[in-house]
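Here are some notes to read alongside the model. Please have the viewer open as you go through the points.

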Amino acid sequence: MEERYQPHAIEAKWQRIWAQNQAFRVHEDAAKHKYYVLEMFPYPSGRIHMGHVRNYSIGDVVARYKRMRGFNVLHPMGWDAFGLPAENAAIERGVHPEIWTQENILYMKNQLQRMGLSYDWEREIATCEPEYYRWNQWIFLQFFKKGLAYKRSSFVNWCPSCETVLANEQVIDGACWRCDSAVIQKELEQWFFRITDYAEQLLGDLEKLSGWPDKVLTMQRHWIGKSTGAEIDFPLLGSENALRIFTTRPDTIFGATFVSLAVEHPLALKLAQGTPQEKTVEAFVERFKNVSQAKRGAEEGEKEGVFTGAYCRNLFSGENIPIYLANFVLMEYGTGAVMAVPAHDQRDFEFAKKYGLPIRIVIQPNDRKLTAETMAEAYVDDGVMVDSGAFTGTPNGAGKDKIATYAEEKGWGNKAIRYRLRDWGVSRQRYWGTPIPIIYCDKCGTVPVPEEQLPVVLPKDVPFTGKGGSPLQESKLFFEVACPKCNGHARRETDTMDTFVDSSWYFLRYVSARFDKAPFDPEKGRYWMAVDQYIGGVEHAVLHLLYARFFTKALRDLELAKVDEPFSNLLTQGMVSKETYRCSEHGWLFPTELLGSEKDGWQCPQCRRPVIKGRVEKMSKSKKNIVDPEDLVNLYGADTARLFTLFAAPPEKDLEWSDQGVEGAYRFLTRLWRIVFQNRELWTNAAANGEALELPAELRDLRRMIHRTVKKVSDDIENRFHFNTAVAAIMELLNALSAALQGGARSSVGATVIKQGLETMIVLLTPFVPHLASELWEQTGHHDRLDEVPWPRYSEEAIEEEKLLIVVQVNGKVRGKITVPADATQEHIETDALADPRVQGFLDGKKVQRVVYVPRRLVNIVVEG
Ligand SMILES: [Zn+2]
Ligand SMILES: [Zn+2]
Ligand SMILES: [Zn+2]
């Protein structure tokens, strides 16, 4: 055994052994319980970052632990490989997206392998490969057949100067990322997935996800945004037609004093035609139609509007009320028309105040009386309906249903449920994504590509200029096709799919990654699904996780998947953050480029101004506070990197980077190595089994601590993922073993218990620092591979505390007896002795002068007088 801990040699050795033995290869085995643990797969951006290291270390602890517990563990890894950065690299540097992506994958795979992560690499997938994305296309076609994929026009971000569609992340403060022109909204024909068909199931099944964090469930619930209410008609004056509005507050309908329309509402311009308002309305529509919906819908935005010149009738109050356009009403929600009740809706209240519209109170609170003249804000809480015709006096909660029912009886409207969830627009005018398998023929219309012609493969010879529409529009070889139906001249769809499609079912692909008859083998899916533990960032709480749930349900309805929900348990790990440094003139600075010192203050290397030590923030390139995991691994090894990220914080909390923390992790591993090295003769001298031996008291305590540590580490991993406290317990055990060694516990029984303690520690550390643990295991004479050793057991009996009976004296006379745990501290025992009620009687409020403690036997309390 080497005297020094040499992480790099050890890590390379064990990674080689694991690869040669295919140690993490897994097959379906009906005799074993399966466990599927999955970390969200990375985008191959070039290098792994500390967030990846953290996410994957957490997953690897779970995978290795479950394997040691006898589970058949599926732990795969792959690449979310389509996406914008590859295309941007092509535009900026002329590298083909495919080459850029494949190089990044190779580099990052090597980095992951250096972390010693226990993946079954045979199942590796990359979503940019035709073997993968052909199944995106196949699923698209099944959705198309079922009406779950459809086309309609919708608005996109458009740069008029580059003449191209921009993704939301390419719009920086309303301007194009490339040329800084103002971005406008343009209407385009786009493909959608009808996720709204599943709104009710996606909402209802959240109840099944007891293994998900509450905050994620809440975010999904909010995103789906179910509201119950009524649709009610407001007949237009001088017309046969009516405006149909949706409201969640039918109880306030008698207070509706105007109606507000979205600027995109089909009637917006028509209503004003021929009225004196026509020009003003046109200008208003022109002004707001290019402002994004998100910006207009924001709570804090200025409410603006314009009168259309037209009126409609509130059938309940019998009044004719004006119709306005309002910037905050969105076409995407409801019907693009809302009844405005200023007394009971804050936005309508502000709007009415601004434009001098009537405020009519129709709900009065139970404890006071509102007046319209003195109201400072809308009253939105419950109360009793007033000035509401036959409904006056009804509690407003019951009034909601009564009004809706009345509207139904009268034929004025109906009860209705609305969702905030919109259908999912999947068309992207980009190259680096899955081609949409559709062909347009002048004669036959929209024709799906026949399944046997899949995959529709991306062409290679495409120019990347960043101008114009999808680069695929430049490739005649790609888009000029024969119609599959009439064989006539036809044109292929040149849009590609949103990359969220790729990640909506990749967890299913892993169950049979090379299967070529369907997206996955249903039999294997039945064995492995659902994912038992999914781990990833909370930034995916809504879109990715919602889309994955939708796909799972849709594939279930296609009789492929057998589960309702893809992920039984979800862990959202916190961010990795670090302090930042900033010059008022030159912005963010790397800590390594600062002049000066912590003590005397830092200075900017360019202007020598004092540098402000900024907040601790999420590691990011722009804030110059990143640590490259590769540097960390080069310096200390992968085990230290793993141990630091696992020990520094519980997984769901943010982890603040600390150099001392890293050094501490390394020191602990070095110390463990040294202690094993210095005591290596234990493995030749000590008796095999310490459990059978009669032990003196202090060794009984040590043995109890070993069992307790096994229990604590098992519970912390199993039930709570509290890896930090698990590691802390292992560190305490090392301290106790080290103290026992220094205390000369080298009798043969002592050696046996200490050896047992060290071996248990090595096994417990395996999920955290697998290389070091494996090497120590081998160095201490074991011939089995540690990753195949079962997780240690503990015995409740051994943990059961021994009790000591302690005699308590007051001024030398026996006054009581107390029972304490055998390993209770002196302080603990003295406190118990003083608190004993019988002893208290003899103390009688007198001042305690001192306490004498005779270990394990007696406490004498000396009081004055
Ligand atoms: Zn531009
Ligand atoms: Zn045709
Ligand atoms: Zn400066």
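1. The whole structure holds 54 aromatic pairs, counted when ring centres of Phe, Tyr or Trp (its six-membered ring) lie within 6.5 Å, with planes under 30 degrees apart called stacked, over 60 edge-to-face and the rest tilted. This is a predicted model, where local features need pLDDT of at least 70 and side-chain atom pairs pLDDT 80 or more, while totals for chains, interfaces and linings use all residues. Residues are numbered from 1 along each chain, chains are lettered from A and ligands numbered from 1 as written, and side-chain values use heavy atoms, without hydrogens and water.

2. Take F254 and F391, a tilted pair at 6.2 Å centre to centre with 50° between the planes. Both sit in loops, so the pair ties together parts 137 residues apart in sequence. F254 and F391 are buried (under 20% relative accessible area; exposed is over 50%, partly exposed in between; 1.4 Å probe, protein chains only).

3. A ring cluster includes F143, F193, Y198, W424 and F550. Beyond neighbours within four places in sequence, F550 has contacts with residues including R194, I195 and L202 (heavy atoms within 4.5 Å).

4. What holds the zinc ion (ligand 3)? Its protein donors are C583 (SG), H586 (ND1), C604 (SG) and C607 (SG), at 2.1 to 2.4 Å; donors are N, O and S atoms within 2.8 Å of the metal (3.2 Å for Na, K and Ca), and sites may look incomplete because water is not among the atoms. The donor residues follow the spacing C-x2-H-x17-C-x2-C. C583 and C604 are both buried.

Notes
Helix = DSSP H or I, 4+ residues; strand = E, 2+ residues; numbered from the N terminus.
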